[in-house]
Amino acid sequence: MDPKEAHDRVFSLMEKHHSWFDSSLPMIASENVTSPAVRRALMSDFGHRYAEGWVGERVYAGTKYIDEVESLAMNLMKELFRVKYVDVRPISGVVANLSVYTAFTQPGDVMMALPITKGGHISMGPLTGSKGQFIGGTAGAVRGLKVKYLAFDDENMNIDVDKSIRRMEKEKPKLVMLGGSVILFPQPVREIVEAARSLGTLVNYDAAHVAGLIAGGKFQDPIREGVDSMTMSTHKTFFGPQHGAVVTDNEEHFEKIKRANFPGLLSNHHLNAVAALAVASTEMLAFGRKYAEDVIRNAKALAQALHDQGLNVPCEHLGFTESHQVLLDVHEIGGYKAEKLLERANIVVNRNLLPWDIKRGRSFKDPGGIRVGVSELTRLGMGPDEMEEVAKFYRRVLLDGEEPEKVAKDVAKLRERFKVVKYAFEEGPAYGH
Ligand SMILES: *Cc1c(COP(=O)(O)O)cnc(C)c1O
């Protein structure tokens, strides 16, 4: 391969990606877009450095400014989540979860979580499934935990509290993981925590998806509801760099989590991302309440509009959603085909298992649902009126059978008015660099 040709090819592919996303509707619920300021921090020299260990106890020189930035990041996160202790070193949500597994459990212990098919995340998954098939989830494959499942109420798309508590009493888990990747509604955290206390079980809330809504004060508040710790990704509804964090109010827990992260799981902890997280946290402090409110309002508006356009949106009896997510039941077309058709119309979503899919013989390859998120469109400044326009695009592609490429032209037209990242001190172009 000609090195210079390949070098230039990388940039031309990135440019193509940027211009594609600049005329698309990025609606993957786990994604967002960062401000130009956050992207500037990501490109800084911090990304070339090491700062192993804790601020003030580093095992490398050259970190005096890095230390100050990391302290700022921790203090800002403490303020956002109203907690005493924050570790901003986990380089992702999975690593944050792994730090909690390492701190709170031993290999062979029982952990309980929702199954992946009902909104749990692969990082909470077992090594093998009920028929012995390989799954390879982080909890089972990496920490050697025996994963048992909380019960789920398909009708209300939430944890079934009574059944889950009965299962907890039987399994006596060391740890329960709440939160999830499909999360439409606040979970019954207080009830689970209360049952856990009497069993000596610890509870972590995985806020990977909803951290930005929690920071904005518009979702549940798991720390106030009594969980022992909360893990998160910092790039889903929390519009920061791809990174992770753990927060807790318990000093003893925190000492264990710190040690799990270093020397356990991390050497370099991506200092450019820590700086970017500090910047994103300032934006979240200044604009987060309005942002979180707007995200949830848009999700509700989109769900209602999709329903009005004739699409099958579960949980009408609960107002469809209280988060940034909307689920679509597209079992007639199939999730795989729906995802591909929408992609051709420049609407980027992911296919997703619905809670009843496995029972109906479907698999993750062609599930019955589509998971949709509105965080990124909200950050681009779209509101409820645009959600109605977006719902019409879905109808044209999924119900009317219109040529997706034709719809893509109208998608690009809508995007022309929404090119700038909002909820930031410096508003600037969303894609490109
Ligand atoms: C996305 C997600 C994670 C993983 O986060 P990464 O930052 O991608 O490692 C963990 N838990 C849940 C519930 C998630 O949705």
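Predicted model: local features only at pLDDT ≥ 70, side-chain atom pairs only at ≥ 80, totals over all residues.

Visitor: How many residues surround the ligand?

Guide: The ligand is surrounded by 14 residues. The closest are Gly-93, Ser-181, Asp-206, Ser-233 and Lys-236.

Visitor: How do the residues of that shell divide into nonpolar, polar and charged?

Guide: The shell holds 10 polar residues, 2 nonpolar and 2 charged.

Visitor: Which helix gives the most to the shell?

Guide: That is helix H4, residues 93–104, with 3 residues.

Visitor: And what lies 2.8 Å from an oxygen atom of the ligand?

Guide: A polar backbone atom of Gly-93 lies at that distance from a ligand oxygen. Val-94 also places a backbone N or O atom 2.9 Å from an oxygen atom of the ligand. In Ser-233, by contrast, the atom concerned is an N or O in the side chain, 2.9 Å from a ligand oxygen.

Visitor: How much of the ligand does the protein bury?

Guide: Taken alone, the ligand exposes 380 Å², and the protein buries 86% of that.

Visitor: Changing topic: how many cavities of 30 Å³ or more are there?

Guide: The count comes to 1 cavity of 30 Å³ or more. The space in the largest cavity is about 70 Å³.

Visitor: Which residues line the largest cavity?

Guide: Its lining includes Leu-114, Lys-118, Phe-152, Met-157 and Asn-158. Val-182, Ile-183, Leu-184 and Phe-185 are also among the lining residues.

Visitor: How does that lining divide?

Guide: The lining of the largest cavity has 7 nonpolar residues, 3 polar and 1 charged.

How values were computed. Residues numbered from 1 in each chain as written. Heavy atoms only, no water. 1 Å grid on protein atoms, 1.4 Å probe; cavity = no way out; pocket = protein on both sides within 12 Å on 5 of 7 lines; lining within 4 Å. Points joined across faces, edges and corners; volume = space filled by probe spheres on them. Nonpolar A, V, L, I, M, F, W, Y, C, P; charged D, E, K, R; others polar. Near = heavy atom within 4 Å. Polar contact = N/O pair within 3.5 Å; in protein donor to acceptor, adjacent residues only side chain to side chain. Areas by Shrake-Rupley, 256 points an atom, 1.4 Å probe, with all protein chains shown as cover. Helix = DSSP H or I, 4+ residues; strand = E, 2+ residues; numbered from the N terminus.
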